[in-house]
Amino acid sequence: MPSATIEVRDLAKTYPGDVRALAGVSFAVPAGSVFSILGPNGAGKSTAMKILTTLARPDTGSAHIGGIDVVRDPQQVRRMIGCVAQRSGVDSSATGRENLTLQGRLHGMSGRKLARRVDELVEQVDLTAAASRVAGNYSGGTKRKLDIAMSLIHRPQVLFLDEPTTGLDPEIRAEIWQQIAALAAIERLTVLLTTHHLEEADRLADRVVILDHGRVVAKGSPSQLKDDLKGDAVQVDLIEPRAVPAAHRALAGLEAIREVTIEGCAVRARVDDAAAAVPLVLAALAADGVNAVSVTVARPSLHDVYLHYASRSLSELEEETTR
Ligand SMILES: Nc1ncnc2c1ncn2[C@@H]1O[C@H](COP(=O)(O)OP(=O)(O)OP(=O)(O)O)[C@@H](O)[C@H]1O
Ligand SMILES: [Mg+2]
């Protein structure tokens with residue numbers, strides 16, 4: 001089956017209590033590509049996903065998947081898509097294989113065709129060892145893999161993933177990224193995923209939109225977005241966290257410096273010309289008696305792009321997520 005495009009035009013939704021979740025969002029996802037919606041908590045990511053997966057209705061605007069209107073023809077859209085929601089849909093009392101089989105039956109599959117598809121997916125997401133165990137005892141990563149396999153049982157053309165790796169260890173996260181990329185290629189999927197993890201979008205997505213307060217604040221390929229952010233990034237790594245405020249003050253006082261942000265034991269800033277800025281940075285740090293481990297220069301990261309466009313800092317966001 002060929003993969004399908006996604007087209008979203010001017011989507012708006014306000015929840016009761018005057019909470020404006022989406023304020024006119026538009027984007028297009030070419031067939032067979034991986035697309036990511038990036039944004040802080042409450043940006044409207046899940047609301048956009050719910051509308052696209054026919055679980056919520058927009059107030060205004062439209063969304064089409066493979067040319068089919070998600071509001072007018074939800075049944076037809078549901079047959080074309082697979083969804084991994086932010087919360088797991090796994091039945092804890094059933095085994096992995098039973099979960100997959102039940103999901104297949106819900107899609108009208110049965111017999112040998114279903115059994116073969118279950119075997120195929122168990123192998124693809126590397127669940128062979130866990131498939132006959134009860135899912136209630138699975139680790140978070142194994143449960144997520146089962147969620148992904150379940151979403152693909154009926155061979156959808158489009159896969160939606162709402163924060164697929166939030167809360168997982170870095171190793172498991174990397175493994176799931178690999179699986180998503182492999183599945184997208186093998187099953188010829190169009191993939192739309194939301195994420196807080198910039199690295200996730202950088203690794204997986206051909207194109208991204210950054211949402212903030214229900215609006216698109218930037219869109220493009222990760223490398224395009226990084227290139228659009230002119231200049232370089234200068235990072236000052238410090239020995240002690242105590243030195244961070246003084247380093248921040250020293251850098252913020254320099255005219256050549258923009259967007260000074262704190263990342264753990266480092267202070268990061270953007271400059272137009274790193275060669276000219278580094279001596280000034282070193283002098284300012286020395287004048288304020290700040291001891292730095294290193295001062296490094298890099299091209300802007302997707303993190304810098306994100307900080308530039310989203311109104312809240314990522315560390316604030318990550319703090320909220322881990323709380
Ligand atoms: N059912 C609802 N009723 C009222 N307000 C809601 C509802 N669902 C979401 N909201 C609000 O709409 C806004 C957007 O929420 P949404 O869940 O789409 O954001 P998100 O980007 O997915 O956030 P997160 O990263 O925390 O998952 C938030 O302010 C949220 O509190
Ligand atoms: Mg969400």
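Thr54 is found in the loop between α1 and β4 (60-65); helices (H or I, at least four residues) and strands (E, at least two) are DSSP runs numbered from the N terminus. The model is predicted: local features need pLDDT of at least 70, side-chain atom pairs count only at pLDDT 80 or more, and totals for chains, interfaces and linings use all residues. Residues are numbered from 1 along each chain as its sequence is written, chains are lettered from A and ligands numbered from 1 in the order in which they are written, and side-chain values use heavy atoms, with hydrogens and water left out.

Thr54 counts as buried because its relative accessibility is 12%. Buried means under 20% relative accessible area, exposed over 50%, and partly exposed in between (1.4 Å probe, protein chains only). The side chains of Thr54 and Arg78 are joined by a polar contact of 2.7 Å. A polar contact is a pair of N or O atoms within 3.5 Å; within protein, one must be able to donate a hydrogen and the other to accept it, and residues adjacent in sequence count only if both atoms are side-chain atoms.

## Overall form

The protein has 12 helices and 14 strands. Its C-alpha trace spans about 75 × 45 × 35 Å along the principal axes. Of its 323 residues, 50% count as buried.

## Ligand 1: pocket and shell

Ligand 1 sits in the largest pocket. On a 1 Å grid over the protein atoms alone, a pocket is an open set of points with protein on both sides within 12 Å along at least five of seven lines. A molecule sits in a pocket if more than half of its atoms lie within 2 Å of the pocket's grid points. Two elements give two or more residues to the shell around ligand 1, namely β2 (19-29) and α1 (45-52). Of the elements, α1 gives the most, with three residues.

There are 14 residues around ligand 1, and Asn41, Gly42, Lys45, Ser46 and Thr47 come nearest; a residue is near a molecule if one of its heavy atoms lies within 4 Å of it. The shell divides into five nonpolar, seven polar and two charged residues. Here Ala, Val, Leu, Ile, Met, Phe, Trp, Tyr, Cys and Pro count as nonpolar, Asp, Glu, Lys and Arg as charged, and the others, Gly among them, as polar.

## Ligand 1: atom pairs and cover

A polar side-chain atom of Lys45 lies 2.8 Å from an oxygen atom of ligand 1. For Ser46, a backbone N or O atom lies 2.8 Å from an oxygen atom of the ligand. His196 places a polar side-chain atom 3.2 Å from an oxygen atom of ligand 1. On its own ligand 1 has 630 Å² of accessible area, of which the protein covers 65%. Accessible areas come from the Shrake-Rupley method with a 1.4 Å probe; for residues, only the protein chains shown count as cover.

## Other buried residues

His154 lies in the loop between α5 (140-151) and β7 (158-162). His154 counts as buried because its relative accessibility is 15%. A polar atom of the His154 side chain lies 2.8 Å from the backbone oxygen of Ile81.

Val244 belongs to helix α9 (residues 244-252) and is buried, with a relative accessible area of 6%. Val244 and Asp206 are 38 residues apart along the chain, and 35 Å separates their C-alpha atoms. Ala277 lies in helix α10 (residues 274-287) and counts as buried at 3% relative accessibility. Ala277 and Ile262 are 15 residues apart in sequence and 18 Å apart in space, C-alpha to C-alpha.

Methods: 1 Å grid on protein atoms, 1.4 Å probe; cavity = no way out; pocket = protein on both sides within 12 Å on 5 of 7 lines; lining within 4 Å.
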